[in-house]
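Please read it alongside the sequence and the structure.

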Amino acid sequence: MTANTYVQQYAPVPTALDALPQPPVGFTGREDDLAYILGVLDPDRSGQGPAVAVLSGGGGVGKTTLAYAAGHAAQRSGWFTGVLLVDLHGYDPQPAQAEEALEALLRSLGVPHEHLPPPGAGRDVLYRSQLNARQDKGQRLLVVADNASAIAQVQPLMPPGHHGMLVTSRQRLTGLGRMRTVNRLQPEDAIALLEAALKNNDPDDPRVEQDPEAAQRLVSACDYLPLALQITAALLAQDPGQPLSERADALGGAEGVLDGLDDGDRSLRTTFDQSLERLTPQEQDLFRLLALNPGPDISTPAAAVLADQPQPATERLLARLAASHLIERTPAARDRWQMHDLLRAYAQKQTAAVMDRGRTPRRRYDQARDRLTHHYIQHAQAANTHLDPTGSPVSARFTDRDQALAWFDAERENLMATAHTTPQAALDLSFALGSYLRWRQRLQDHVVVRALALDACTKLNDTRNRATVWNNLGGALQELRRFDDALHALETALALYQQTGDTNGEASAWNNLGNTLKALRRFDDALHAHQTARNLHQQTGDTNGEASAWNNLGGVLKELRRFDDTLHAVETARDLYQQTGDTNGEASAWNSLGIALKDLRRFDDALHAHQTARDLHQQTGDTNGEASAWNNLGGALKDLRRFDDALHAHQTARDLHQQTGNTHGEAIAWNNLGTAYRGLGRFDEAVVAGKQAAAMLAAARDWFRTGEAWGEVATTLTAAGADTAQVREAWEQSAQAYTQAGAGEEADASREHATHTETVEAQLPTDAVRPEEEVASESG
């Protein structure tokens, strides 16, 4: 009697051969999955083995619904004469055993209770015999084994002959049949599911169509998980007046996303609890520890540090968590792991609950977090040594610069998140990340981490690093083109360095200050700043710093049209960089030298200089520097009237700047593309390129170059014989931009052109103000 009661509770007898429920309303977005499953179940398939498909995926992802939909589609195709359904309750406290599942299936096949063999080998023999007899009569059945948690539950249920089977599980049950992972929905499919579920309750429910932005926020909060969306739809149906935005706010607010995904009948937390309880204690512990990682994913070595276990043992545990669909490998790298957002929220709740149990578990988890933070900081510091000038000592932790950059690229989000965790972490990572973030043109991140370091100095009462932190923040703000803020930061740094007598730091601040003053077009002040930096670096014997000051000094002398002095300055910078073995600095100096030679109309020498700069930047892997060299190389080619070659050079520069995310450099490349097109007589393309440049430069708030770009557009329109009104409009746009930049003389010149448009003659590309020049000022 006990056994019979157990069967009724955990393996209820389905309606014989017609047991498949209809999928819930809103089933959508599974076309590829359905096509795959039907390909397995198709009786005309060839060479694919048994018609068995195993659908695996995390709790709530919609595996059962997909199995139902696939079963109905297969029946509509006439492939099956009936369906047997058994729920194995694999994640209940007492999962159904294979013997009970066999009893349920035999009953559905019409075997009377009194003819059922006792538990043991006889039941699976009778089950196969029954299916073979059906096959002999021309019948083909589909067995759906739902919610399995172990191969042992399913193996005895495998149908013989030409019958088919669908298995759903939160585990990857290998060896049963063709496997298919069921993933979360795409955003548009998630919205469609939500809308269909709401309209099923009320066909006139307008909330999704009335507020599509809130619908997007809501499905995102549900992490595109079908169960979460169905629960949310049920809660919204219970409260027809609740706006979607209010529900989305509730899921992201104090209520907490897991608390908000419970409609009384279904609970996402309960679903996750069931999956967690199936894990071993070690697996559960690692799952909770992973929630301590501040970023979106984690590497196997970092997880091993977190768990304080050898890497091979940790990797085995991670693989088992992935097989349970509680984590997943990141698509781009096999040694990295991630959780989707709802599981992360669940893991964090689990971690907090364990830490609340007492001092011992809290200390253990705090120590794990500290180990991970130390791991990130140590590796960042080691990787940073490979980005320092050539010849500086490097860490053996990374074999070369490429490996160090690859590690930084993989861990950037984790490192930025770690910088937000403690003041000391912020300070340490600010110093370790600066060169990398500049290298990869992650300028917003650069400002953020520098600002965090400044806040950390205040919290730690760290007066020793305060000046350097201000100096670094100023450099980062300058790169983001926030020049007024950069000026304040650098003047603060300069004053602090002078107070403490740090001559080398003072020289660095003067150098950075000169770059900012140059950007603000205060050229005389910038000249004084760079001269002071040069003299102080000479005084302290910092040859590399002196080289940087000479290079930047050359850029200011050029603006003052002191071209011979410019040439001397950048040649000195190049020679000093060669002395110190700083290949990347040397490349920058060659780039500056090419521009100086162009101003002296030594075009062949300029071409050689830019080619050398390009080759050296390629050698060091500095893609952004290489792009700048290509851009200036294009300018030299235009001076030599080699417009086809110039076009290729500027296109290469544009593409490389796009690759690095340097939108300002890309904008300059677009402007130069316009002048190259004009030189080739391709005026329409020139105008498009010039307007693209102007729009991007305006978005970057570089008003002076915006004025230049519009001037190039006006010149091209004139050369093309365009309508006078179009030409005048372009010159007026140029004047407005120059006015915004505070460049009154240039603004007046553009207005003069606009006033006398009819008499303006087209200018050759070589007469452009300076569109081809792109010099990356160096930070001290």
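**Notes on the predicted model**

1. Beyond its neighbours within four places in sequence, Thr-232 is in contact with Leu-194, Leu-218, Cys-222, Arg-247, Leu-251 and Leu-261, contact meaning heavy atoms within 4.5 Å. Thr-232 lies in helix H10, residues 226-238. Helices (H or I, at least four residues) and strands (E, at least two) are DSSP runs numbered from the N terminus. Thr-232 counts as buried because its relative accessibility is 0%; buried means under 20% relative accessible area, exposed over 50% and partly exposed in between, with a 1.4 Å probe and protein chains only.

2. This is a predicted model, in which local features need pLDDT of at least 70 and side-chain atom pairs count only at pLDDT 80 or more, while totals for chains, interfaces and linings use all residues. Residues are numbered from 1 along each chain as its sequence is written, and side-chain values use heavy atoms, with hydrogens and water left out.

3. On the overall picture, the secondary structure comes to 35 helices and eight strands. The C-alpha trace spans about 110 × 65 × 55 Å along its principal axes. Of the 780 residues, 56% count as buried. Among contacts between residues at least 6 apart in sequence, 65% join residues at least 24 apart.

4. Helix H3 (residues 63-76) has 14 residues and reaches 20 Å from its first C-alpha to its last, close to the 20 Å expected at 1.5 Å a residue; the expected span is 1.5 Å times one less than the number of residues. H3 is largely enclosed by the rest of the structure, because 10 of its 14 residues are buried. Among them are Lys-63, Tyr-68, Gly-71 and His-72. The cover over the buried residues of H3 includes helix H2 (31-41) and strands S1 (51-56), S2 (82-87), S3 (141-148) and S4 (164-169). Gly-78, with a positive phi near 75 degrees, follows H3.

5. Val-154 is found in helix H6, residues 151-154, and is buried, with a relative accessible area of 0%. Not counting residues up to four places away in sequence, Val-154 touches Leu-88, Ala-148, Met-165, Val-167, Leu-173 and Leu-176. Val-154 and Leu-673 are 519 residues apart in sequence, and their C-alpha atoms are 65 Å apart in space.

6. Helix H17 (residues 359-384) has 26 residues and reaches 37 Å from first C-alpha to last, close to the 38 Å expected at 1.5 Å a residue. Its buried residues include Tyr-365, Leu-372, His-375, Tyr-376, His-379 and Asn-384. Which elements do the buried residues of H17 pack against? They are helix H13 (281-290), strand S6 (297-299), helix H14 (300-307), helix H16 (341-355), helix H18 (401-419) and helix H19 (423-439).

7. H13 also packs with helix H15 (residues 311-323), at an angle of about 90 degrees and with the axes 10 Å apart. Axes are lines fitted to C-alpha atoms, for helices over the stretch in contact, and angles run from 0 to 180 degrees between N-to-C directions. H13 and H15 are therefore roughly perpendicular; under 35 degrees counts as roughly parallel, over 145 as roughly antiparallel, 65 to 115 as roughly perpendicular and the rest as oblique. Gln-282, Glu-283, Leu-286, Phe-287 and Leu-290 in H13 meet Thr-314, Leu-317, Leu-318, Arg-320 and Leu-321 in H15. By class, this contact has six nonpolar, two polar and two charged residues. Ala, Val, Leu, Ile, Met, Phe, Trp, Tyr, Cys and Pro count as nonpolar, Asp, Glu, Lys and Arg as charged, and the others, Gly among them, as polar.

8. Helices H33 (residues 703-719) and H34 (residues 724-741) pack at about 165 degrees, their axes 7 Å apart. H33 and H34 are therefore roughly antiparallel to each other. The contact of H33 with H34 has 12 nonpolar, nine polar and one charged residues. Trp-703, Phe-704 and Trp-710 are among the H33 residues in this contact, and Trp-731 and Tyr-738 are among those in H34.

9. Two loop residues deserve a look. Most residues other than glycine have a negative phi. Gln-441, not a glycine, has a positive phi of about 60 degrees; Gln-441 is found in the loop between H19 and helix H20 (443-460) and counts as buried at 19% relative accessibility. Arg-641 likewise has a positive phi, near 60 degrees. Arg-641 is found in the loop between helix H29 (623-639) and helix H30 (643-660) and is partly exposed, with a relative accessible area of 47%.
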